[in-house]
Amino acid sequence: MIRIDNATCKSCGLCGKVCPRHLTEVAWENGNKRTEVAAERAGLCMTCGHCVAVCPTGSISVDGLNADAFQPLSPMEISEGQLLTLLRQRRSIRRYKKRPVPRDVLDRIVEAVHASPTGTGNVSNGVIIIDSRDTIESMMKHTYAMYEELDRALNNPIARFFVKRKAGARALRTLDRFVMPGMRWYLRWREEGRGDEISRDCPALMLFFGPADEPMVEENCTIAAFHAILMAEALGVGTCFNHLIPPACKRVSELRKMLGLSDGVEVHASVTMGYPAVKFLRAVHHRAAEVRYV
């Protein structure tokens, strides 16, 4: 998969240093240095593109990677102080204006998603954008129905046993202690017509999906979602991580069909989006529970 132009290669060894699996090596041949792909590791390429990005002479190409997509680096236009201010002042937004997010703005957010790293080098995760409130409302009908059914199951000793057996004791504790106490109010308010507390009446929703058996797919989707959140913040769009929607996308067949999810592909993260209806005036003071050096 890795091709080296030894006519221009200077055998500096940088490609092998940055490769996660050290696929390239500098060897001596007839008294001359030569960069080669280690035969015993040739099949371990992660297509991360690090070797192409670091090569000072542009002598490396990787099958499946577009050489034209490797653009020269630009100077950073954001200082560490500006980045820290953005991180400190960003808030999760749960109340949105009834104003659509233009598609050109959503496309800019997706550009940040494209730039997100993955734990496996290659990219197999994707994003689904729903910017129709009618479509989101159709999704919510199925989502609320799933949680109603789950609530009934958790209150039935026999059904609860099978929920625990399938989901595990840890997941069951999370449902009991965190998810369902709030969800029961959401269900009640929904029935009373007081609003949609799952999607928060958002005008746009991003779903991050990938193959269920892909290594680190959940982490990859979460990182991609956070890239979207930071870009949205820079564009004045409010966001909120939402972990109530992905389980419905996984389990409800009508939702899977609506979203065009094929077998073996699951939604692992979701973010609600819209222009904030409420303006925060102060940053919330957060500190990590513990910080220590070892």
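This report walks through a predicted model, going from its strands and helices to its surface and its charged pairs.

Let us start with the open sheet, where four strands are arranged in the order 5-6-8-7 with antiparallel pairing. Its edges are formed by strand 5 (126-130) and strand 7 (238-241), each of which pairs on one side only. On average, and with direction ignored, neighbouring strands here are turned by 25° against each other.

Strand 6 (204-211) runs antiparallel to strand 8 (residues 265-274), and eight bridges join the two. Within this pairing, methionine 206 faces valine 271 of strand 8. Helix 4 (residues 103-114) packs on the sheet, where it touches strand 5, strand 6 and strand 8, and its direction makes about 30° with that of strand 6. Helix 5 (residues 133-154) lies across strand 5 and strand 6, at about 60° to strand 6.

## Two loop residues worth a look

Alanine 212 sits in the loop that leads from strand 6 to helix 8 (217-234). Beyond its neighbours within four places in sequence, alanine 212 is in contact with Val217, Gly264, Val265, Glu266 and His268. The C-alpha atoms of alanine 212 and glutamate 266 are 5.8 Å apart, although 54 residues separate the two along the chain. Alanine 212 counts as partly exposed because its relative accessibility is 38%.

Serine 116 belongs to the loop between helix 4 and strand 5. Is serine 116 buried or exposed? Its relative accessibility is 10%, so serine 116 counts as buried, the cut-off being under 20%. Leaving out residues up to four places away in sequence, serine 116 touches Ile223, Ala224 and His227.

## A hairpin with its own salt bridge

Strand 2 (residues 24-29) and strand 3 (residues 32-37) are paired in the antiparallel sense over six bridges. Together they make a hairpin with two residues between the strands, and asparagine 30 in the turn has a positive phi of about 55°. Glutamate 29 stands opposite asparagine 32 of strand 3.

Glutamate 29 also meets arginine 34 in a side-chain salt bridge, at 3.9 Å from N to O. Both partners are partly exposed: glutamate 29 has a relative accessibility of 39%, and arginine 34 has a relative accessible area of 31%.

Met76, Ile78, Leu83, Leu84, Leu87 and Phe226 make a nonpolar surface patch of about 550 Å². Which helix gives the largest share of the nonpolar patch? That is helix 3 (residues 80-89), with three residues. Leucine 87 is found in helix 3, and its relative accessible area of 41% makes it partly exposed.

## Salt bridges across the chain

The model has 17 salt bridges. In one of them, the side chains of glutamate 137 and arginine 190 meet at 2.5 Å, N to O. This pair links distant parts of the chain, with glutamate 137 in helix 5 and arginine 190 in helix 7 (residues 169-191), 53 residues apart. Glutamate 137 is partly exposed at 24% relative accessible area, and arginine 190 is partly exposed at 23%. Both residues belong to a network of salt bridges that links Arg133, Glu137, Arg190, Asp196 and Asp201.

Another salt bridge joins glutamate 290 to arginine 292, whose closest N and O atoms are 2.7 Å apart. Here glutamate 290 and arginine 292 are both exposed.

Conventions: Residues are numbered from 1 along each chain as its sequence is written. This is a predicted model: local features need pLDDT of at least 70, side-chain atom pairs count only at pLDDT 80 or more; totals for chains, interfaces and linings use all residues. Side-chain values use heavy atoms; hydrogens and water are left out. Buried means under 20% relative accessible area, exposed over 50%, partly exposed in between (1.4 Å probe, protein chains only). Contact means heavy atoms within 4.5 Å. Two strands pair if DSSP finds at least two bridges between them. Axes are lines fitted to C-alpha atoms, for helices over the stretch in contact, and angles run from 0 to 180 degrees between N-to-C directions. Patches are made of residues with over 30% relative accessible area and no salt bridge: like charges are joined within 9 Å, nonpolar side chains (Val, Leu, Ile, Met, Phe, Trp, Tyr) within 5 Å. Accessible areas come from the Shrake-Rupley method with a 1.4 Å probe; for residues, only the protein chains shown count as cover. A salt bridge is a side-chain nitrogen of Lys or Arg within 4 Å of a carboxyl oxygen of Asp or Glu.
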